[in-house]
Amino acid sequence: MNFLSKSEYEASLAATRDERMTWWREARFGMFVHYGLYSVRGRMEWAMALENYDVADYEKYADKFAPKPGAAREWAALAKNAGCKYMVLTTRHHEGFSLWDSKVNPYNSVNYGPHRDIVKEFVDACREFRLGIGFYTSVMDWRHPDGRDCATDPEARKRYNDYLLALNTELLTNYGKIDILWYDVPAPLESYEGWDSLRRNQILRSIQPHIIINNRSLLDEDFGTPEGEIKPSERDWEACMTWNDLSWGYVDSAQAAPYGYNAQRILKMLWRVTASRGNLLLNIGPAPDGSVPAEAVGPLTKVGQWLEENGDAVYGLRDGSSDANFWIRGTTRRKNHVWVWNWIWPDDGEFTLGGYKTKLLEARLPATGESLPFEQDKARLTVKGLPKN
Ligand code: GLC
């Protein structure tokens, strides 16, 4: 294979980016799924490090790993009901356990625990529910003997980079068309050269020519990944958010539930990413048996119902928009078509926008298409006749 230089590679990506990214840009809303041995431990996804297990000691969770049949289908059904258009699954997190039938990494869900290929079940479920398929793949690995030594020993770095290529080659070869490769935590090395990302990503793209890749193998690739905050940028970006501002992986305590989002807060995030031309990747951390967290089902289902009626205000919009009258409302826009999102629905049947100079042609209720009466003068626009809810 002839490898492009960094500048040639980036030029080639730029030339094909719109064609590759259009579905993703229009999709807008994805579901992140953090599921692995850490879900069994139940103290979030960094438990192996934060509780200082050694490799052999942590391995006991591999035998206890027991996803119930149909778990991945439950995730996909929830994602679909929530109005998500793609999902990203942690195929192997920092703990180094592969959720697929890996010939490269024997520490996997076919050799241990359920003796099943969870990645296959995930891919099948995504296809059944017509969701884009994303594979999260950790660069950092706390189990692999070279995962740490790669920082100081060139031989270890070569072996570990070969391992990373082999793992991701399996993932992108054995499960049909994959849409997103979602790298995470390029530690302990600090350069794309050290990780051999330029060569590996070109090889992986040759296997999956349409795939889109995030920026966490230390090359810019296709999109940025602000984490825990909605931070717009000029390039394509996707804000990844935990469910509770606390953890990506499951925490086995009912005390976590109160921190979760309600539908309104999720919609407010969805508005912000839409108005700023980005995506939202909202996480769930399934329980040890793979069940979706009960506290997430209600709000996500409600968001999906809202999107059923008002999805035109979110999906496919590529024009940025500003705050209509900040704080209590925001807008999204396609050319001269503006959606006004009233976070606090006026219960007197009307809302007013000050300083709205553009002559309004028509006001409509998105959910029904019904025309609404309005008044507009040089100072303000008032839309009337709103329904109670
Ligand atoms: C951080 C966390 C990692 C999590 C990732 C999700 O990198 O360390 O555990 O999977 O965020 O973006």
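Q: How much space lies in the largest pocket?
A: This is a predicted model, where local features need pLDDT of at least 70, side-chain atom pairs count only at pLDDT 80 or more, and totals for chains, interfaces and linings use all residues. Residues are numbered from 1 along each chain as its sequence is written, and side-chain values use heavy atoms, without hydrogens and water. A pocket is an open set of points on a 1 Å grid over the protein atoms alone, where a 1.4 Å probe fits, with protein on both sides within 12 Å along at least five of seven lines. Filling the points with probe spheres gives the volume, and for the largest pocket that is about 1,600 Å³.

Q: Which strand gives the largest share of the lining of the largest pocket?
A: There are 47 lining residues (an atom within 4 Å of a point), and N310, W339, V340, R364 and P366 lie nearest the pocket's centre. Among the elements that each supply at least two of the lining residues are α11 (263-275), α12 (294-310) and β9 (337-342); helices are DSSP runs of H or I with at least four residues, strands runs of E with at least two. The largest share, six residues, comes from β9.

Q: How far is an N or O atom in the side chain of H34 from an oxygen atom of the ligand?
A: Polar contacts are pairs of N or O atoms within 3.5 Å. The side chain of Y136 places an N or O atom 3.4 Å from a ligand oxygen, and a polar side-chain atom of H93 lies 2.8 Å from one. For H34, the distance is 2.6 Å.

Q: Which residue does a cis peptide bond join to A187?
A: Most peptide bonds are trans. Here omega is about 15 degrees.

Q: What is the phi of D245?
A: Most residues other than glycine have a negative phi. D245 lies in the loop between β6 (238-241) and α11. D245 is not a glycine, yet its phi is positive, at about 60 degrees.

Definitions and conventions:
A polar contact is a pair of N or O atoms within 3.5 Å; within protein, one must be able to donate a hydrogen and the other to accept it, and residues adjacent in sequence count only if both atoms are side-chain atoms.
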